[in-house]
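Hello,

Here is the structure we talked about passing on. Please have a look at it first, and then read my notes below.

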Amino acid sequence: MRSIPYNTIKEKVKAAIMEAAFIAGEDLMAGFKRGLEQEESPLGKETLNQLIENAEIARKERIPLCQDTGLAVFFVEMGDEVKVEGGLLPDALNEATREAYGEAYLRKSACNPFTRKNTGDNTPVIIHYDIVKGDKLHITFCAKGGGSENMSRVTMLRPSDGKKGIEDFVVQRVWEAQANPCPPVIVGVGIGGTFERAALIAKKALLEPIGKKNPDPELAEMEERMLKRINNLGIGPGGLGGRITALDVHVKMEPCHIASLPLAVNINCHSSRHAEIDF
Amino acid sequence: MKILKPPVKREDVEALEAGDKVLITGTIYTGRDAAHKRLVDLLDSNKPLPFDVDGSIIFYVGPTPSPPGRPIGAAGPTTSYRMDAYAPRLIEKGLRGMIGKGPRAAEVKDAMKKYGCVYLGATGGAGALMAQAVKKAEVIAFDDLGPEAVRKLEVENFPVIVINDTKGNDLYIENVKKYKRE
């Protein structure tokens, strides 16, 4: 059994949270630049140029890429031969978040649903666990903004709706969202599982690098078809009209009940901030 | 490029058209979800508002905290539809501009036409870039709301684009139509 000290986890996660707020990923920057080549609308191009400039300022001056520094979501893959020494893993993730959001001047966006009173430190965090083989611990952090999360949906289709029903729903969701989720967006699609599982795999799909093709050829085809349809909607960067409404569509699929066809569409804004932390 | 210097008169906003690029210089106020609820609660109970709404511009933003030596952290627009339930009440009181992102409800657009107010779009997710135009920031009300407190901002050449003018034009609808392919 391998032991990892609580403090090691807390400190590494804390550093990763801070970096994610200031540094746009290479896949995202490449996505902006590809989009700029394809964009036809002058306002669309101007918006994409602003986003590139924004990322440069954020990196240089250490100002967050976006004022919505998100709710903290973690995906944990924990080996069956590893344990945390000196405390509980969820406590380490909450403490890392509390300290990172405080020390790096990030916005605290967690509140009581009824009173709307801010919890003051961006906790509690949201954690999803998977147990895997081995003695490694892998943590993925995602800062999820509210504007794009609000545009996300789960639906239970009829099995007869099939692939066409799935694709129509996803495209319609992006159409209805218009400028709200900060296009160009990234679209995570979860197909199958149960009601909650579909939403979870849709969020996992958002962690795939922008521009990466699905290894499953059938899903890769769906992704390509949906991306084309979404970019024909005309919404464009900032919703001001244009070709680049989405930078990518990622699909994840799992088996489901014989009666069901669960579908989740999790939209991410272009400020797609995540970090991978290995122990 | 047009210029707005608050306090803004009705005729100043009536001269603007959807698609006009505008630079704002002067004082604007921040307010988002929780602050809007409180502003309308104050109006309902006939109490004074923390700033003079007549002629003012409200920026829908909850900035990140100001690091030492900076007036503000990241400060880009939040999604506007959540303020739709409250906006007409403020427009009635002379609010001349709202800065945000995303489409507005019909009731808000009607109030804008009736009382003379424009909806100005800022680039969503460009919070570091937009903070460059903010020179001073001071919390003036609802401090307990943290990022949602009302702040008085001094801005210089703050870049926005007119989405909805006072004549009923809508830049989002018109431009998306241009690029939509069946």
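In what order do the four strands of the open sheet in chain A come? The order is β6-β9-β7-β8 (chain A), with mixed pairing; two strands count as paired if DSSP finds at least two bridges between them. Helices (H or I, at least four residues) and strands (E, at least two) are DSSP runs, numbered from the N terminus.

Before going further, please keep in mind that this is a predicted model: local features need pLDDT of at least 70, side-chain atom pairs count only at pLDDT 80 or more, and totals for chains, interfaces and linings use all residues. Residues are numbered from 1 along each chain as its sequence is written, while chains are lettered from A and ligands numbered from 1 in the order in which they are written.

Five bridges join β6(A) to β9 (residues 261-268) of chain A in the antiparallel sense, and Val154(A) has Ala264(A) in β9(A) as its bridge partner. Helix α7 (residues 195-205) of chain A packs on the sheet and touches β6, β7, β8 and β9 of chain A. Here, contact requires C-beta atoms, placed from the backbone, within 7 Å.

Now to where the two chains meet. The contact takes 42 residues from chain A and 37 residues from chain B. On the chain B side, α6(B) gives the largest share, seven residues. That side divides into 18 nonpolar, 14 polar and five charged residues (Ala, Val, Leu, Ile, Met, Phe, Trp, Tyr, Cys and Pro count as nonpolar, Asp, Glu, Lys and Arg as charged, and the others, Gly among them, as polar).

One residue to look up is Ala179(A), in the loop between α6 (162-177) and β7 (185-193) of chain A. Why does Ala179(A) count as buried? Because Ala179(A) has 28 C-beta neighbours inside 10 Å; the cut-offs are 20 or more other C-beta atoms within 10 Å for buried, 12 or fewer for exposed, and partly exposed in between. Not counting residues up to four places away in sequence, Ala179(A) touches residues of both chains, including Ile235(A), Gly238(A), Lys101(B) and Tyr172(B).

Best wishes

Methods: Contact = placed C-beta atoms within 7 Å. Axes fitted to C-alpha atoms, helices over the stretch in contact; angles between N-to-C directions.
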